[in-house]
Amino acid sequence: MAMCSNLLQGQALQRALLRRHKSEDLFGIKICGAYPDTVARTAEIIDLECSVNFIDINMGCPIDLVVNKGVGSALLTKPLRMKNVISAACTSSEKPITVRPWLFIEIKEQKHWDISSGERLDILKDYVRFGLEH
């Protein structure tokens, strides 16, 4: 997950999150932003500079650090802002914009994906391993 404000400030750690690993046949970037203008600009940059299949807007993270900034699941309490953030991203990028992290696997495999905690842990292990390799 890349924080839009940090990405727009050019933070190297956030920029590293935009790089696709060679093993990823389907790659999306999850962004986290509270304001339509920052989300729009972030989506533009991703669209122009990155090799992605989709951009996902984080609207589910319950972590206090995220919620206290008005992003993640905090957006769910502000329907108008949520609508404006999604609209801004959609008009700023040619890539599909999503908000249920498993959506593209469900589409690809043509099934509802209700995974176990063990499967989630395996995904996180792969993510960490790919990050370390990268």
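Start by selecting C32: in this predicted model its relative accessibility is 2%, so it counts as buried. Show its sulfur and look for a partner. The closest cysteine sulfur belongs to C61, and at 6.5 Å it is too far away for a bond.

Is C4 buried or exposed? It's buried, with a relative accessible area of 1%. How many disulfides does the model have? The count is 0. C4 takes part in none, and its nearest cysteine sulfur, the one in C32, sits 7.1 Å off. A disulfide would need the two sulfurs within 2.5 Å, so 7.1 Å rules that pair out.

Next, switch to cartoon view and pick out the sheet. It is an open one of 4 strands, ordered β1-β2-β3-β4, and the pairing is parallel. Which strands stand at the edges? Select 2-3 for β1 and 97-98 for β4: each has a single partner strand, so one side of each has no neighbour in the sheet. As a reminder, strands of a sheet pair through backbone hydrogen bonds, either parallel or antiparallel.

Stay at β1 and bring in β2, residues 28-32. These two strands pair in the parallel sense over 2 bridges. Click on A2 and you'll find I31 as its bridge partner in β2. Then click on M3, which stands opposite C32 in β2. That is the C32 you began with, the buried one.

From β2, step across to β3. The two strands run parallel and are joined by 4 bridges. To see one place where they face each other, select K30, which stands opposite D56 in β3.

Now select residues 36-49, which is helix α3. What does α3 touch in the sheet? The helix packs on the sheet and touches β2 and β3, the latter being residues 54-57. Turn the view to compare directions: α3 makes about 160 degrees with β2. Colour β2, α3 and β3 together and you have a right-handed β-α-β unit.

For the last stop, stay on helix α3 and select L48, which has its place there. Is L48 buried or exposed? With 72% relative accessibility, L48 counts as exposed. Finish with a distance label from L48 to K69: the two are 21 residues apart in sequence, and their C-alpha atoms are 27 Å apart in space.

Methods: Residues numbered from 1 in each chain as written. Predicted model: local features only at pLDDT ≥ 70, side-chain atom pairs only at ≥ 80, totals over all residues. Heavy atoms only, no water. Buried < 20%, exposed > 50% of the residue type's maximum accessible area, 1.4 Å probe, protein only. Pairing = 2+ DSSP bridges. Contact = heavy atoms within 4.5 Å. Axes fitted to C-alpha atoms, helices over the stretch in contact; angles between N-to-C directions. Right-handed = clockwise from strand over helix to strand, strands pointing away.
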